[in-house]
Amino acid sequence: MTEKFSFELQATDGAARKGVIHTPRGDIRTPAFMPVGTAATVKAMMPESVAATGADILLGNTYHLMLRPTAERVAALGGLHKFMNWQKPILTDSGGFQVMSLAGLRKLTEEGVTFSSHVDGSKHMLSPERSMEIQKLLGSDIVMCFDECPALPATDKEVARAMELSMRWAVRSKEAFGDRPGHALFGIMQGGVTQELREQSARALTDIGFDGYAIGGLAVGEGQEAMFGVLDYATGFLPEDRPRYLMGVGKPDDIVGAVERGVDMMDCVLPSRSGRTGQAWTRHGQINIKNSRHRDDPRPLDENCGCPACRNYSRAYLHHVFRANEMISGMLLTWHNLHYYQDLMQGMRDAIEAGTFKAYVADFHAKRAEGDIEPL
Ligand SMILES: [Zn+2]
């Protein structure tokens with residue numbers, strides 16, 4: 001354990017990196033996948049189950065928590081770690097992205113964003129200063145700068161304007177964050193799919209200086225090819241000695257492609273959300289448990305998976321509880337999906353360490369191309 005926040009780069013293989021982020025609440029092994037605990041819970045999972053999948057860190061959403069139960073209430077009850085019974089590190093987003101995607105009646109000015117809650121219509125304001133205050137009240141270990149992610153499709157001019165505003169807000173975020181030993185503040189690169197804007201944004205952020213750098217404004221509908229196109233150059237604009245976080249990504253093949261391009265951290269609702277809609281992710285791709293082919297199948301989702309859903313239950317059972325709308329359906333599939341994602345991260349960390357990452361990626365794609373096992 002350490003009292004400080006620091007990043008240790010342990011191995012590289014091509015552009016892929018393996019490392020550890022040290023924090024007072026524990027180490028985060030990178031490349032890291034962060035399950036999303038939007039409203040102070042990873043839906044359908046107990047926190048100890050999330051930890052059992054191998055997650056070192058969770059993500060919490062500022063926008064949701066400020067509206068309900070409110071950051072002030074969480075702080076009065078001892079902070080987010082105590083409130084939700086998760087003692088490992090927590091990263092909170094800034095609220096900027098979700099305000100633009102979820103809130104009603106938004107008004108954006110240089111100062112910040114005023115908006116009405118999607119829950120009850122009440123009026124609220126988010127600015128760099130207020131976002132830093134909320135994330136501090138929550139007790140977040142990794143705090144994100146308040147930024148504006150422009151809604152797509154957007155013109156180049158609009159993307160440039162939002163990036164420049166985000167860089168001015170990054171200065172204010174850093175100032176408002178202040179000096180908080182053991183806690184980290186990450187800057188967020190914007191600039192859409194334009195290399196020049198990405199480079200300007202990276203330069204502005206590294207001039208300010210942050211504990212880590214996120215790549216924002218991707219995974220918003222531009223498609224995998226365009227996203228990889230940006231990552232091909234964007235990670236190179238960021239300092240080597242700081243963690244790089246790709247926000248809101250993604251599907252397993254997005255994650256592998258991002259790690260290949262030098263990304264260290266990712267988060268996505270996909271494994272937990274899919275778990276609640278009958279979708280499972282395995283080495284062989286995606287399985288739809290609703291499908292009647294599973295009705296009489298005594299085999300596990302994946303015989304090589306060590307999760308409770310695969311060790312103790314058949315496809316037939318998982319199919320039945322989904323069809324019967326039983327809660328255990330979402331619980332087991334979410335557990336499996338999160339376990340699979342963490343297995344994938346561990347496999348990549350091991351391969352980078354061993355210098356066999358290229359072969360690992362080739363095998364990952366080959367297994368997926370095979371598809372699911374044949375029906376009985
Ligand atoms: Zn499993």
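These legends describe close-up views of a predicted model.

**View 1. Helix 13 crosses helix 14.** Helix 13 spans residues 315–323, and helix 14 spans residues 327–354. Their axes come within 7 Å and cross at roughly 135°. That angle makes helix 13 oblique to helix 14. The crossing is left-handed. From helix 13, the residues in contact are Leu 318, Val 321 and Phe 322. They meet Ile 328, Ser 329, Leu 332 and Leu 333 of helix 14. By class, this contact has six nonpolar residues, one polar residue and no charged ones.

**View 2. Gly 95 sits in a loop.** The loop runs between strand 6 (90–92) and helix 5 (96–102). Gly 95 counts as buried because it has 30 C-beta neighbours inside 10 Å, and 20 or more is enough. Leaving out residues up to four places away in sequence, Gly 95 touches Thr 62, Tyr 63, Met 66, Leu 126 and Ser 131. An unreviewed UniProt entry lists Gly 95 under "binding site".

**View 3. Asp 147 is another loop residue in that UniProt list.** Its loop lies between strand 10 (142–144) and helix 7 (156–177). Asp 147 is buried, with 30 other C-beta atoms within 10 Å. Beyond residues up to four places away in sequence, its contacts include Ser 94, Gly 96 and Gln 190. The unreviewed entry lists these three under "binding site" as well. Asp 147 also touches Ser 166, Trp 169, Ile 188 and Gly 216.

**View 4. Thr 277 is partly exposed.** This residue lies in the loop between helix 11 (270–276) and strand 15 (279–282). Thr 277 has 13 other C-beta atoms within 10 Å. Ile 289 is 12 residues away in sequence, and the C-alpha atoms of the pair are 9.0 Å apart.

Conventions
Residues numbered from 1 in each chain as written. Predicted model: local features only at pLDDT ≥ 70, side-chain atom pairs only at ≥ 80, totals over all residues. Helix = DSSP H or I, 4+ residues; strand = E, 2+ residues; numbered from the N terminus. Buried ≥ 20, exposed ≤ 12 C-beta atoms within 10 Å, placed from the backbone. Axes fitted to C-alpha atoms, helices over the stretch in contact; angles between N-to-C directions. Parallel < 35°, antiparallel > 145°, perpendicular 65-115°, else oblique. Left-handed = near helix turned anticlockwise from the far one by under 90°. Contact = placed C-beta atoms within 7 Å. Nonpolar A, V, L, I, M, F, W, Y, C, P; charged D, E, K, R; others polar. UniProt positions renumbered as here; feature names shortened; annotations may be inferred.
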